[in-house]
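This report is written for someone meeting the structure shown here for the first time.

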Amino acid sequence: AGRKGPGAAVAAGAAGAGGVGDDDAAAAGRVAAGPSPPRETPPLLRCRAPAWGSDGTPLDAEVLRDEGLSLGAPGSMPPSSSFLTPDGLNVTANVRPVRDVAARIDELVDRLDAHKGVLLTSSYEYPGRYARWSIGFDSPLLELVGRNYTFRVAALKPTGVPLVRAIRRRLELRPELFSLGEEATAAVVEGEVLPDDEHVPEEERSRRPSLFSLLRAATEALGHPDAGQLGLYGAFGYDLTFQFEPIRRRL
């Protein structure tokens, strides 16, 4: 986006963080499954460069996505529908196309100077490997922020409170993995992931207790097969790797 503001700082400077979107989604807004989906969910910027199948037949990006090859692009848009999450949240998605995607992206860039949110975009394409796409939103319902092993899950508006409650219930089911603060409210849950020193094979290091464990619990509470691009978006800091492998720190 070429700018820095509160929107860019939502998921920065911590071991891990994520956001879920609400209103004014731009360029294929993907948001967490919650009671207030985006009013507009524009289409992906489709890759026009041809790719080639094993039989020499050209394939476009949409066909590749149908075959499970995403080219790095987000998943498909959810249809306009309603569904129930595993934890009993009723989600209604109203999907409408955006005619001028470039203009909506510019609007989102301006809004991110003063509002929390995110804009992810890929301007590079290569046949069979990468596709151009953009996805973003502002004014999210929910924010997850972590530093070291501590975390904070907070509703950023009233419609995010049911999402916090659903995540809290999931965390309470795993007392051996999460320690929750006693002063939590309906809109905020703070706690800590409980690390362990158990040796695991190299290929399973990312399954050790870490801030990823928090995101997995949130996904279990809010996810659904029909959610499409509805989900959690954010960034991870490099220090998250210390939770996968014990590394002695020194200057």
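Of the contacts in the chain with a separation of 6 or more, what percentage is accounted for by residues 24 or more positions apart? The share is 64%. The model is a predicted one, and its secondary structure comes to five helices and 12 strands. Of the 251 residues of the chain, 42% count as buried, while the chain as a whole exposes about 13700 Å², of which carbon and sulfur atoms supply 51%.

In soluble globular proteins, nonpolar side chains tend to be buried together. The largest nonpolar core of this model has 26 residues, and those that touch the most other members are L142, F151, V153, L171, F178 and L222. At least two residues of this core come from each of β8 (142-147), β9, α4 (161-172), β11 and α5, with α5 giving the most, namely seven residues. For F151, leaving aside residues up to four places away in sequence, the residues touched include L171, F178 and L214, and among them are also V189, E190, G191, E192 and V193. A second, separate core consists of seven residues, including V101, L108, V109 and L119.

**Helix α3 and its cover**

Helix α3 spans residues 101-111, and within this helix V101, R104, I105, L108 and V109 are buried. Seen down the axis of α3, these buried residues fall within an arc of 145 degrees, so they line one face of the helix. Among the elements that cover the buried residues of α3 are β6 (117-122) and β7 (133-138). Strand β6 is also the place of S122, which has a relative accessible area of 19% and is buried because the cut-off is under 20%. Not counting residues up to four places away in sequence, S122 touches A131, R132 and W133.

**Strand pairing around β11**

Strand β11 (residues 188-193) pairs with strand β9 (residues 150-155) in the antiparallel sense over five bridges, and in this strand E190 is the bridge partner of R152. Strand β10 (residues 178-180) also pairs with β11 in the antiparallel sense, here over three bridges, and the bridge partner of S179 in β11 is E192.

**Aromatic rings**

The count of aromatic pairs comes to four, and two of these pairs are set out in the table.

| Pair | Geometry | Centre to centre | Angle between planes |
|---|---|---|---|
| F137 and Y233 | edge-to-face | 6.1 Å | 65 degrees |
| F212 and F236 | edge-to-face | 5.0 Å | 80 degrees |

F137 and Y233 are buried. Together with F244, the residues F212 and F236 form one aromatic cluster.

Technical notes
Residues are numbered from 1 along each chain as its sequence is written. This is a predicted model: local features need pLDDT of at least 70, side-chain atom pairs count only at pLDDT 80 or more; totals for chains, interfaces and linings use all residues. Side-chain values use heavy atoms; hydrogens and water are left out. Buried means under 20% relative accessible area, exposed over 50%, partly exposed in between (1.4 Å probe, protein chains only). Helices (H or I, at least four residues) and strands (E, at least two) are DSSP runs, numbered from the N terminus. The arc is that of the directions from the helix axis to the C-beta atoms. Contact means heavy atoms within 4.5 Å. Rings of Phe, Tyr and Trp (its six-membered ring) pair if their centres lie within 6.5 Å; planes under 30 degrees apart count as stacked, over 60 as edge-to-face and the rest as tilted. Two strands pair if DSSP finds at least two bridges between them. Accessible areas come from the Shrake-Rupley method with a 1.4 Å probe; for residues, only the protein chains shown count as cover. A nonpolar core is a set of buried Ala, Val, Leu, Ile, Met, Phe, Trp, Tyr and Cys residues joined through side-chain atoms within 4.5 Å.
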